[in-house]
Amino acid sequence: MTDQTTAVEHDPGATDALLGPDSARFRHDYLEARGLRVAFGGFVAVRDVDLTVAQGDLRFLIGPNGAGKTTLIDAVTGLVPATGSARLGRTELLGRGTHRIARHGVGRTFQTASVFEELTVLQNLDIAAGARRGPLTMLRRRGAVPEAVEQALEVVGLAGLRDTPAGVLAHGQKQWLEIGMLLVQDAHLLFLDEPVAGMTQAEREATGDLLRRIGSQRVVVVVEHDMEFLRAFADSVTVMHQGRVLAEGTVAEVQRDPAVVEVYLGAPAQPGTAATTKEDA
Amino acid sequence: MDTLLPQLFAGLSLGSVLLLAALGLALTFGQMGVINMAHGEFMMAGAYTAFVVQGLLGDPGASLLVALPLGFVVGGVLGLVLEATLVHRMYHRPLDTLLVTWGVALLLQQVARDVFGAPNIDVAAPGWLSGAVTVAGVALPKTRLFILALAVVCVAALAFALRATPLGRRIRAVVQNRDLAEASGISSRGTDRMTFFIGSGLAGVAGVALTLLGSIGPTLGTHYIVDAFLVVVAGGIGQIKGTVVAATALGLMQAFFEYSTTASVAKVLVFVVVIAFLQVRPQGLVTVRTRSLA
Amino acid sequence: MTQRLTALLAPGRTRALAGFALAAVVLFAVAPVLLSPFRLGLLAKFLCLAMVAVGIGLAWGRGGLLTLGQGVYFGLGAYVMAMHLKLADAGPGGVPDFMSLYGTGEVPWWWEPMRSPVATVALVILVPALLAGVLGWAVFTRRVRGAYFAILSQALAAAFAILLVGQQQTTGGTNGLNGFRSFFGYDLADPVNQRMLYLVAAGVLLAMVLVARQLMVSRFGELLVAVRDAEDRVRFLGYDPAVAKTTVYVVAAVMAAVGGALFVPVVGIVSPADVGVVPSIGFLVGVAIGGRATLLGPVLGAIAVSWAQTSISEQFPSGWIYFQGALFVGVVAFLPGGLASLLGRRRRRGRGDAAPAPEEPETTAPPSPVPAGAHTGRTAQGRQP
């Protein structure tokens, strides 16, 4: 059953239903990081990063290993302490607990798909959708499946596997389940850490289409190493190197940037580069 | 000053006993993440080793000097057997290891009861440790001074072993990054066994030392195991330094609380202080900063 | 499909109902007829211990909280009840016998509330709930977990037992409290009342199983499993795992306390030997054997283990310790799902389901920033990919 990755044809109708009509929301979210800095002991993993990502701008975050991409996400989602500022709209995110940041509408996926392996697909989504439930609802058995969960099952193409324990899903399916969890979580700011790693070409395209659709109505930041995927779907790109923002712009602009070319095409290594490869250990 | 000095000494002495009991745990729990509830029973085995050696040799002085290294070997071998038969299967299930080793502890206690009898027994202290040294009007029993010195020696030896020997480097390498160490040609199995041997051996030494303080029995280990774990938790794992500081602090607290209340209330107060302390420093006194999301 | 879904977390509704009815018939109709009054009394004692096991099954099996200190809550319930019985026996304004023997002959102020039966019943629940709530919240919000939590809970049990022993004049010291004559006005020596006590214990246990079942099949139960397996991931969804953990810890504490409160009139004594480190871990054997994550496993396991303890100790006094030690080693090392996992495995094979093995969750993996944890990849759970 794990071969059942054919459900790559997402249902656009379900996606729109889940995301809600944009005009009805009158929302224009944006992420605004200023002077963001993360230090581990003496090692500065992210230094003085300014980053603005608006809704409708599908942003890709790239950079060599150890550039600080994941650490940046960790900082904004409250996993590691950081200084500076990171705001979603008017809400300052830094200094809050992880679960409070999540409640303010920030969601993320992980490099290694992180789902609740012993719970079913449906249960995974139901939990993701339920952080605002009251105690009485929590203490009762789930009656009807929430509409958002039903729609998310369609969107990520896992409706047929709803009662399968998430632990036995194929790798790509787990990554979709995580994206589905982000959607039902009703996050306004979504970080996706290498969402298409290990996916087939068809799966990549389906995921890209889905991300593009989500990106039109949410603030989405994608960390990805796959340049082909990036060229196909990125609206804009931020390149990080050694904890700093090296370049920012459209794919074409960034590709022309001499500094980026130097970093990617192996110009002489700068001192200290070796120390920064901790990230992907 | 009159009351401060005896309390200070009592606290340091208690701290040294705790340190001896906890030092091995700092290795097996702190470095390897294995919760060995039979650690106390390894101490008990060390204590009975001292009893048996004295029965064979007769002379308390000579038998103590023989029992200390022998206790190390007895504890170490027991640890080695435990690691090889059970613990190594369960490195990914630390809490289950706790329960399994507790079962082993029960078995060892009952074996001791069946072999040596349930009542407590005494091991004579050597003549050169009888009496006390008087410092500033306070009598400091020589046995307690000896244990204090023994604790210092054990800490120094362990610190040296970890820092300066090839084995120590291997242990630290495996602890920090098992996969990388394996890839660099270090046998993590062999290193695990050695770590467990040394940690359990230290329990044996602690057991021999405890015979100097009073009679010993099959349940000797259960009296120390909880406090020893508390010391390691409060000290923070992965660093011997934290264990030393925590043992001293807990010993001093116990002594001073005991002076102003009773022994039982002091025990509860120490527990409350540790909980409160963990509120401030959940990872214990000395922390190793890592980026891993454990 | 939906049936399979519920079967994954708990037995299906009809099967559970049938099992529940069967248990009720056995406990209320069969056992009282077949067993001698002495054996029935023993069974009542086992039922009280099984109540502790229900709570441990929830906290440990579902929540991943290895609590080595349930003796504390068992003891709090037991001592509150025992204090009431001593005061009731002494009569209005009277002084319990042991106090005049060892102490000042005055009733300490904190004994006074237990003169009232209503207050006693309330305190049996409130005192442990409050302690577990405060401790749990303090510990869980600071993300003390896994082995650290286990060790702290064990230290709590040690401190509690030492405190009881130390307060000879007010708690009876090592002797504990004993020699009760009546239970809320009923003569405890009367066989009819002993049978009534058994029936009360059976009813309370069944009620607890129902509560546990509701918690397991509810959304809270699903969240609990999620917290157990990937606490940090849950946080990124906007939940505070400390809330779920504290809740289940309090529930387990109250269940243990009620078990303790009924244990006192049934057995006729409570002493520090019933509540310290050793009995606290002892509670876990039955749960481990029966199957920690199942509904009925902990109950049946606890009853079976208590029964084995009684019958083995009757014949070979030292045999029981060997047996208990061997059980811990054998079951936990080689059959972590308990006996229930054998049943489950057969049933699953029949249906061709995937195996939701109740292995030890990762949340319990090496205490937080263990350097050893550094080699686990960076995932929300820290689990090896």
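Helices (H or I, at least four residues) and strands (E, at least two) are taken as DSSP runs and numbered from the N terminus. On this basis, chain B of the predicted model contains 11 helices and 2 strands. Read from the N terminus, the order of elements in chain B is α-α-α-α-β-β-α-α-α-α-α-α-α. The C-alpha atoms of chain B occupy a box of roughly 60 × 45 × 35 Å along the principal axes.

Helix packing within chain B was examined for one pair. Two packed helices are described by the angle between their axes and the distance between the axes. For helix α3 (residues 60–85) and helix α8 (residues 188–210) of chain B, the axes come within 6 Å and cross at roughly 135 degrees. Angles over 145 degrees would count as roughly antiparallel and those of 65 to 115 as roughly perpendicular, so α3(B) is oblique to α8(B). The crossing of α3(B) with α8(B) is right-handed. Of the residues in this helix–helix contact, 14 are nonpolar, 9 are polar and 3 are charged.

Between chains, the contact of chain C with chain A involves 29 residues from chain C and 34 residues from chain A. On the side of chain C that touches chain A, at least two residues each are supplied by α1 (2–9), α10 (219–229) and α11 (231–235) of chain C. The largest share of that side, 7 residues, belongs to α10(C). In terms of residue class, the side of chain C that touches chain A comprises 16 nonpolar, 5 polar and 8 charged residues.

The model has an ipTM of 0.85 and a pTM of 0.87. The mean pLDDT of chain C is 84, and 86% of its residues score at least 70. Within chain C, the lowest confidence is found in α1(C), with a mean of 43, and the highest in helix α12 (residues 241–267), with 96. The pLDDT is below 50 over residues 1–11 of chain C, a stretch that has 25 contacts in the model beyond near neighbours in sequence. It is also below 50 over residues 348–385 of chain C, where 116 contacts beyond near neighbours in sequence are present in the model. Where pLDDT is low, the predicted coordinates should not be read in detail. Helix α1(C), which has the lowest confidence in chain C, is also one of the elements that supply residues to the side touching chain A.

Conventions: Residues are numbered from 1 along each chain as its sequence is written. Chains are lettered from A and ligands numbered from 1 in the order in which they are written. This is a predicted model: local features need pLDDT of at least 70, side-chain atom pairs count only at pLDDT 80 or more; totals for chains, interfaces and linings use all residues. Two residues are in contact if their C-beta atoms, placed from the backbone, lie within 7 Å. Ala, Val, Leu, Ile, Met, Phe, Trp, Tyr, Cys and Pro count as nonpolar, Asp, Glu, Lys and Arg as charged, and the others, Gly among them, as polar. Axes are lines fitted to C-alpha atoms, for helices over the stretch in contact, and angles run from 0 to 180 degrees between N-to-C directions. Angles under 35 degrees count as roughly parallel, over 145 as roughly antiparallel, 65 to 115 as roughly perpendicular and the rest as oblique. A crossing is left-handed if the near helix is turned anticlockwise from the far one by less than a right angle, and right-handed if clockwise. pLDDT is the predictor's confidence in each residue, from 0 to 100.
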